[in-house]
Amino acid sequence: MLRHIRNTLVVVLSIFVISVSSGCDKFISHELIVNRYADALLTKNNELQFRFQINSNLLKDHQSYKVKISIHDDRLASAIGKREIIYGDDQVIRGEYLETKSNCETTIFMNPIPLKKDFHIYELENMIERNHAVTIEVFNDQEVFGRAYLENFSSEL
């Protein structure tokens, strides 16, 4: 009986590992959002700018997409004045989708957002890098292509 349970557990864990390694785990997709180039920049004017690269090669079957920034920390959302910012929506480029470009990574610099509250640089860094206060999501009307936590922070100060 114990041997049967152990064998079943091994099979279930094997299936899980294979599905995760084959890309079935789209929640955290560091291949789509090039994480080493994704960051939140605190400007000299106390504005927060989100910058990141999208690997367009992974979107080549889909001609258009939007990018959503979600703020999960209540204090940061209050300072920005919103919980979500959608790049490719009407407030940025009049409702049009962003277009994919073949064989390249698309760099996106969102417009800087003035912060309504002052934070210490280390407090912002801790929120973003350690507490996963911000996620980036790439999607269109049919599906979500990838989602990742924004894990890098930099400052001009």
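Student: How many salt bridges does the structure hold?

Tutor: The model is predicted, and side-chain atom pairs count only at pLDDT 80 or more. A pair is counted when a side-chain nitrogen of Lys or Arg lies within 4 Å of a carboxyl oxygen of Asp or Glu. On that basis, the number of salt bridges in the structure is six.

Student: How many residues apart in sequence are the parts that K68 and E84 tie together?

Tutor: The side chains of K68 and E84 meet in a salt bridge, with an N to O distance of 3.4 Å. Because K68 lies in strand β3 (residues 64-71) while E84 lies in strand β4 (residues 84-87), the pair ties together parts whose separation in sequence is 16 residues.

Student: In the salt bridge between D74 and R83, what is the N to O distance?

Tutor: D74 counts as exposed, at 53% relative accessibility, whereas R83 is partly exposed, with a relative accessible area of 40%. The side chains of these two residues, D74 and R83, meet in a salt bridge, and the N to O distance is 2.2 Å.

Student: Which residue in β9 is the bridge partner of E137?

Tutor: Strands β8 and β9 pair in the antiparallel sense over five bridges, and they form a hairpin with four residues between them. The side chains of E137 and R147 also meet in a salt bridge, at 2.6 Å from N to O. This pair links distant parts of the chain, 10 residues apart, with E137 in strand β8 (residues 134-139) and R147 in strand β9 (residues 144-149). In β9, the bridge partner of E137 is R147.

Student: What is the relative accessible area of E137?

Tutor: R147, which meets E137 in a salt bridge, is partly exposed, with a relative accessible area of 23%. E137, by contrast, is buried, and its relative accessible area is 10%.

Note on methods. Residues are numbered from 1 along each chain as its sequence is written. This is a predicted model: local features need pLDDT of at least 70, side-chain atom pairs count only at pLDDT 80 or more; totals for chains, interfaces and linings use all residues. Side-chain values use heavy atoms; hydrogens and water are left out. Helices (H or I, at least four residues) and strands (E, at least two) are DSSP runs, numbered from the N terminus. Buried means under 20% relative accessible area, exposed over 50%, partly exposed in between (1.4 Å probe, protein chains only). Two strands pair if DSSP finds at least two bridges between them.
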